[in-house]
Amino acid sequence: ETEPLTSKKDVSGCSKGEDCKENGLLVRNPKSALRLVEDGNKVHPSQGDKGEAAQISNGYSGVQSSVPCNGEVEDAQGTAPAATTTTTTSTTCGAEAQQQLMELEDRETWSKKIDFLLSVIGYAVDLGNVWRFPYICYQNGGGAFLIPYTIMALFGGIPLFYMELALGQYHRNGCISIWRKICPIFKGIGFAICIIDLYVASYYNTIMAWAFYYLISSFTAELPWTSCTNPWNTGNCTNYFSKDNVSWSLHSISPAEEFYTRQVLQVHRSNGLDDLGGISWQLTLCLLLIFTIVYFSIWKGVKTSGKVVWVTATFPYIILFILLVRGATLPGAWRGVLYYLKPDWQKLLATEVWVDAAAQIFFSLGPGFGVLLAYASYNKFHNNCYQDALVTSTVNCLTSFVSGFVIFTVLGYMAEMRNEDVSEVAKDTGPSLLFITYAEAIANMPASTFFAIIFFLMLLTLGLDSTFAGLEGVITGVLDEFPHVWGKRRELFVLGLTIVCFLGSLATLTFGGAYVVKLFEEYATGPAVLTVVFLEAVAVSWFYGITQFCNDVKEMLGSAPGWYWRVCWFAISPLFLLFVTCSFLSNPPELRLFDYDYPYWTTVVGYCIGTSSVIFIPIYMVYRLVITPGTLKERILKSITPETATEIPFGDIRMNAV
């Protein structure tokens, strides 16, 4: 981007019917439209209404509007004479305009395009791709599940992914302040997103602390979850990989499971959510180290995090390839692959399968967490975000599919060793699939120490860049909303944020912390994020206007989105979100972890946690209507009308467009 006009140049006098520039901004007569030509950037006024589009020499069109200093869009019509309608700028107005321009110019951008792509891929590809997709796939019909999964991706997930990237790149704001430029009454969505991100940070990083504990424990000649001779083992511990003839009974527990439950989590020292027990100091130290890494990776902004993701986003793919090759050479691997992909066409008639497909693609791509808005806001204005959306979402979906082979080749090997069916081995879901089943398989491979180290290192890197992204969504949102407070104090704000997240994670570090993690995972994010993105899609498509949004995309890319994208944004994607949300609310999950059945009151607590973030949306709507002057109709109209101009870069001039 070239430098804008600076205030060092003399301000020419403004006369009736002419445009002038002041404080480095082009100030437009509300009764004229701009016509920019290539010869010398001359500005020729032409008669027309305020909202008339100005034809620009490069083929783009920009809708100009008069934006007064108070941030509200005013109508140019009135009883004042023509001379008084000429735009003039007071000292205060000029200062505000100059501050807006300085904020725009000071906004950092990605050093390279690849930094942005790796950051988005690293965010979208997380631990869920490794454990959730394979389990959801075989549970819902194997290969047949790929049909509803692809349909939901094409008509729901990818359009929403593309929409958020385009919004962030065009308006160049975080999840809170962006609503001033779209539909101010929905600004509560931004606050809700920040609360959701904090909830995620409070439990997601604890899972990484478990992986870090495993990583440290792997630096031994014999992995500690290999034998039954450790202090934490019980009489039911059965090592069927031993050279002795060992029969696997109904009460048998593998050494890997006892290491996970009794040494890492220590859930036997807790009686459930009623009595969580003390805090595990080992996990606390692991989590403290993780947050230290996170802080020094994001404290300086995307310039530093964009370099860190070169490792955290690419390393998992190297390890996945190594594990895939190793798994394919294990005896019985074919049994796992067959179980993974064998289609059960009858499953397609079940509503639950389509709900699971929609939920999986949505939470895998990750719109609604403010991350895509934040990352895209640091792009160049004319970056091809359409291409980025297709590339990153495709990589994400393919990663999930390949991860299934990595997991199920090992499950087939486990079934072969136990002499059981794959379905019996694949009972573990969620983190247990990685920390029990897969860890046990690794422990009994040749060069087990090496494979254990790289596997848990892969889990750490998968989680780290997702944590970078989640916190960046909050950081960008708050810094853009309160630039006068935190604009020059990013490092201090990030430090405070990481401390808050660490303190918020203490409940998950207790002996019963795994129960808290499960509760937050199911209730704190699921329905809340679905509601947020549903309202976001409605606000953009129905209030801001699908035509205006497509014009914004045309300003950036040179061509407007086709009818497919318009139909998805306007109707299909909102219906997609409403369908998943209603299905979840009508059938709340019955939670069970290990041998612990969650009491009935946890459902109420879970919905309260989820509602605590979404409640900011109606609260802000009421607040907005109360503080806005005028009749009820005038208040509503002002609250749904964009109040802040978006700076459109064009050569040496930056135009204001609403």
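These notebook entries record what I looked up in a predicted model of one protein chain.

**Ground rules.** I number residues from 1 along each chain as its sequence is written, and I use heavy atoms for side-chain values, leaving out hydrogens and water. Since the model is predicted, I take local features only at pLDDT of at least 70 and side-chain atom pairs only at pLDDT 80 or more, while totals for chains, interfaces and linings use all residues.

**Overall make-up.** I looked up the secondary structure and found 25 helices and 10 strands, where helices (H or I, at least four residues) and strands (E, at least two) are DSSP runs numbered from the N terminus. Of the 658 residues, 56% count as buried, a label that means under 20% relative accessible area, with exposed over 50% and partly exposed in between (1.4 Å probe, protein chains only). The chain exposes about 27,200 Å², of which carbon and sulfur atoms supply 62%; the areas come from the Shrake-Rupley method with a 1.4 Å probe, and for residues only the protein chains shown count as cover. Among contacts (heavy atoms within 4.5 Å) with a separation of 6 or more, 79% join residues 24 or more positions apart.

**The core.** Which members of the largest nonpolar core touch the most other members? In this core of 179 residues they are Trp 210, Trp 225, Phe 456 and Leu 459, a nonpolar core being a set of buried Ala, Val, Leu, Ile, Met, Phe, Trp, Tyr and Cys residues joined through side-chain atoms within 4.5 Å.

**Aromatic pairs.** A search of the whole structure gave 55 aromatic pairs; rings of Phe, Tyr and Trp (its six-membered ring) pair if their centres lie within 6.5 Å, and planes under 30 degrees apart count as stacked, over 60 as edge-to-face and the rest as tilted. Tyr 214 and Phe 259 make an edge-to-face pair, at 5.2 Å centre to centre and 80 degrees between the planes. This pair links helix α6 (residues 188–217), which holds Tyr 214, with helix α7 (residues 255–264), which holds Phe 259, across 45 residues. Tyr 214 is buried at 0% relative accessibility, and Phe 259 is buried at 2%.

I then turned to Trp 542 and Phe 570, a tilted pair at 5.9 Å centre to centre and 55 degrees between the planes. Trp 542 lies in helix α21 (residues 526–557) and Phe 570 in helix α22 (residues 563–586), so the pair ties together parts 28 residues apart in sequence. Here Trp 542 is partly exposed at 45% relative accessibility, and Phe 570 is partly exposed at 41%.

Ring pairs also build a cluster, whose members include Trp 210, Tyr 214, Trp 225, Phe 259 and Phe 456.

**Positive phi.** Arg 172 has phi near 55 degrees and is found in the loop between α5 (146–171) and α6, where it counts as buried at 6% relative accessibility. Ala 447 has a phi of about 55 degrees and sits in the loop between α16 (431–443) and α17 (448–481), but this residue is exposed, with a relative accessible area of 52%.
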